[in-house]
Every structure is written in structure tokens, then in C-alpha cells.
Amino acid sequence: MCLQRWSFCNLAVLGSEHANQSWKRYFLRRRHLEMKMTKGRTGGYTCKTFRGHTDRVVGLVYLQGNSAQHPDLWSSSATVCSASTDGTVRAWNIQNGELLWCSPVQSPLAGLIVDERHEVVITADSTGLIKTWQAQTGQEVASFSAASPQCTLLQYSINNDWFLTVGTSQGSLCTLADSELTKKSSIMVCDTFKVNILLVSPDKKWIMAGTKDNDDLSPKVIYTESLTSPPEDEDPLCHSVPVIGCQAAVFIPTQPARLAVIHCSNHQNNKALTVFDVSIKKTKYKTEIQVQQVESFSLTLNTRTSHIFLEAKDSNCLVLAADQELWVYSLKGALLATFKEHTMPISSICVDSFRVVTASQDLSLRVLTWRSDRDHGLTLDSRYHLLGGSHTMSRGFTHVKCDYSSIVATVEGKDGKDVLKAYSFTS
């Protein structure tokens, strides 16, 4: 039953303290937890509010979450980290609401990501100063000035070598290495327009970079090695993706380098979604990148939408959100499900193996859960709202993240002081 439901059959990976737990106890406890997470009834979860930031929250990440592969059903202790324009990074224990650490005040922060495996938090501030912090203690590790008021951050590791690629507001990519943030390369990708789409492929061979701010520019794919160990006298291996006006993009997680892109289509004001396979072709005399179209279909999106969110669930399922709506498409363009359950625009989405959560400016989170349909494969069932408080105090949700057994979101305060809301489900 565990194998059928979760493809999981090795209790030993949960650690020695669970070695004598029986399969029956594991199955019943996990099923009980998933029932609570599916129904969202009062009493099935706790909600805590974290206050402390004195300005806008600009980033939210899990430092240590409960993984869906091997969830700890007996003692989950998730921690999250938030960054704010008040110039601080703060880490919180979401079970008891305790503030674990707070960084010294610096210039207003503009970006935050985490490398969970190496327990490193990475921030960028409004002056372009990149800093790394120890996730456990909040100790500053290193810093590097990218001299850019807005930076897009991407961290990845290749064969145990650690890299950070920074997209700047001038349109260039700067790649840094190891815990010292040593500069490896700098290349221009979208001259004078800020890089605000930056992804790495699952096989780590490709970086995709582009801008949402110009409908005439094409995003580019760059061979990662050209950034991490650039040859002295050669140009970086780089190729334009043959679309313009990129609005959102995602790599399909189960494929080495399959890229889905939402972009301007040939028909005035319409958007399309096109899927490409990226590969490299080496001959005796030259090496070239191939970007081959796999699928393409048009979307019925309102073009005035500023935020389009795109996530991939598995090899054949794309989740798309814009304005107040959520769509689920197959890779061939079949519309599997559509939902319109918010009264104001969606501001953030989170997709994992159990659920999809949408956060909205209407001060609600909508929770939907995955279901396997015999005819259509994966689809979503809409379940319940989680509310974020009162509109007299707050403007709406701005970010949302989740791990296996909790959901954390940020709420924009009318007094300029944003707060975090943590919803924890217990087995």
C-alpha cells in the first residue's frame, strides 16, 4: 500500500529512531496527515504569525523543510528565512514561531535564495552587494559587489563544485564560484535590459537567461561550462531561443534539458507556449548548440497581465497562473483543468508533488491537490482557502512557499510592515 501510494519502501532512510516503526503505523500516520492537508479543516493545522520586519518582505525560502520523499511524520522542525527592504535577513522556526537569527542591518534587500544542501543563504541588496550566510547561525560567509540595483540569483552545483550566476539590471550574467564568491566570468545577454529570467537545466549543462522587459528580444541558452570555466580565447557557447518577448519559462524536471517558454506569438496580443529540447552537437571542427522545437500551442491570456507564473509538475504537466486564474496543460497543449477562485490577482504560486498553492492579493491562499485520472493522467482538485487575516490591516499575500507538511506565506501590511503566516499540518 505504501509503494502504491508513495513509491516508498525503505523505513531505514528515516533514521535509526524510526527503525522499529511498523509499516502499518507509518502508513496510517502519513495517510492521516494527507487527509488533514487535503481537507484543511479547523483543528487539522495550526496558524502562526511572525512579526519583526519593519518594511516589505522581498524573499521567502525554506532553510530546512520536510521532504515529500522521506517526510518525518513524528517530529518535523521546518525553518524558513525571509529578506526585507528593512535590510535584514531573518530565520524562523515555523513550529513555535521563534526567531532563530537576524542579520545586521544593511542596504534594502532585493533578492533571496537558498542552497539547502550546503545550508547557505544568498542575498542581494539594492546596491548589488551579494552576500552568503550560514543557514544555521546567520554568520556572514562572503560578499561580492555586482554593482547592479536589481539582481536575479541562480545557484547550482556541478560535480561538488559550487556556483552562483547573477543576472544584472544592465543585462549581463556574472558567475561566481565556491564559498569565497570568486568571479569566473561575465557575459552580456540582453544589453541594457535587466535579466529577470534565469534558470539551470536538470542536467546542469545549460543556463537559460532572458528579460521580460522587451518584446523584441529572444532569451538565450548558454553552455554552463562557458560560464564556470570559460576558455581564454573563445566566445561563450550561446544560442538564442527562437521566440521573442519571453514572459515565463521553466525546465521540465524529468528531462535533461527540455525547456517550456511563454512568449509573444505572431498574432497580435496573443501569447503562446513553446517547448524546446536543448542539446549540443560536436563535429571535428566545431561545437554548436541545437534548440529544437518539440511542441507549440497558443494561450488565451490577457496581455495586460504583468505576472505570468509557469511551473512544471513532471514530464507532461504544466501549471500556469495569471491574473485570477490557474490552468493545467499537458505538454501537447491539452487543457486538463482551469480554476478561477480568487477575486484579485494571483501574486505567487507553489507547486510540489502533493499540492499546488496559489497566493493572491485578495488575502487568501487556495490549496489544490494532485489526482491521477485514468483518462487524462494528472489533474488537480480544488480543496480549500486559507485566510491571511483582515483587510483593515493587510493588503494581500505576496509570496508563498511550502514543504510536505506546511505552507508559509508573506502578507503585505498596510502600515508598511510585512508579516509571515505559517500553516503547519500535524500527523
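## A four-stranded sheet, S26 to S29

Four strands make an open sheet in the order S26-S27-S28-S29, with antiparallel pairing. The edges belong to strand S26 (346-351) and strand S29 (377-387). Each of these two has a single partner strand, so one side of each lacks a neighbour in the sheet. On average, neighbouring strands here are turned by 20° against each other, direction ignored. This is a predicted model.

Look inside the sheet next. Strand S27 (residues 355-360) pairs with strand S28 (residues 364-373) over five bridges. The two pair in the antiparallel sense. Valine 356 stands opposite leucine 368 in S28. What holds such strands together? Strands of a sheet pair through backbone hydrogen bonds, either parallel or antiparallel.

## Leucine 368

Leucine 368 belongs to strand S28. Is leucine 368 buried or exposed? Its relative accessibility is 1%, so leucine 368 counts as buried; the cut-off for buried is under 20%.

Which residues does leucine 368 touch, leaving out those up to four places away in sequence? Among them are Leu326, Phe339, Phe354, Val356 and Leu380. Aspartate 381 is 13 residues from leucine 368 along the chain. Their C-alpha atoms are separated by 5.4 Å.

## Helix H2 across the sheet

Helix H2 (residues 23-39) lies across S27, S28 and S29. H2 runs at about 70° to S29. How far apart should its ends be? At 1.5 Å a residue, the 17 residues of H2 should span 24 Å. The end C-alpha atoms are 24 Å apart, which agrees. After H2 comes glycine 40, with a positive phi near 65°.

The buried residues of H2 are Tyr26, Phe27, Arg30, Leu33, Glu34, Met37 and Thr38. They cover an arc of only 140° around the axis, which puts them on the same side of H2. What covers these buried residues? The cover includes helix H1 (2-6), S27, S28, S29 and strand S32 (419-425).

## A second sheet, S22 to S25

Another open sheet has four strands, in the order S22-S23-S24-S25. Its pairing is antiparallel. Strand S22 (308-314) and strand S25 (335-340) stand at the edges. Each has a single partner strand, so one side of each is left without a neighbour in the sheet. Neighbouring strands of this sheet are turned by 15° against each other on average, direction ignored.

Five bridges join strand S24 (residues 325-329) to S25. These two strands run antiparallel. Tryptophan 327 has threonine 338, in S25, as its bridge partner.

## Cysteines without disulfides

How many disulfides does a search of the whole structure find? The search finds zero. Take cysteine 102. Its closest cysteine sulfur is in cysteine 81, and the two sulfurs are 9.8 Å apart, too far for a bond. A disulfide needs the two sulfur atoms within 2.5 Å.

Cysteine 238 is in no disulfide either. The nearest cysteine sulfur, in cysteine 190, is 10 Å away.

Key
Residues are numbered from 1 along each chain as its sequence is written. This is a predicted model: local features need pLDDT of at least 70, side-chain atom pairs count only at pLDDT 80 or more; totals for chains, interfaces and linings use all residues. Side-chain values use heavy atoms; hydrogens and water are left out. Two strands pair if DSSP finds at least two bridges between them. Axes are lines fitted to C-alpha atoms, for helices over the stretch in contact, and angles run from 0 to 180 degrees between N-to-C directions. Contact means heavy atoms within 4.5 Å. The expected span of a helix is 1.5 Å times one less than its number of residues. Buried means under 20% relative accessible area, exposed over 50%, partly exposed in between (1.4 Å probe, protein chains only). The arc is that of the directions from the helix axis to the C-beta atoms.
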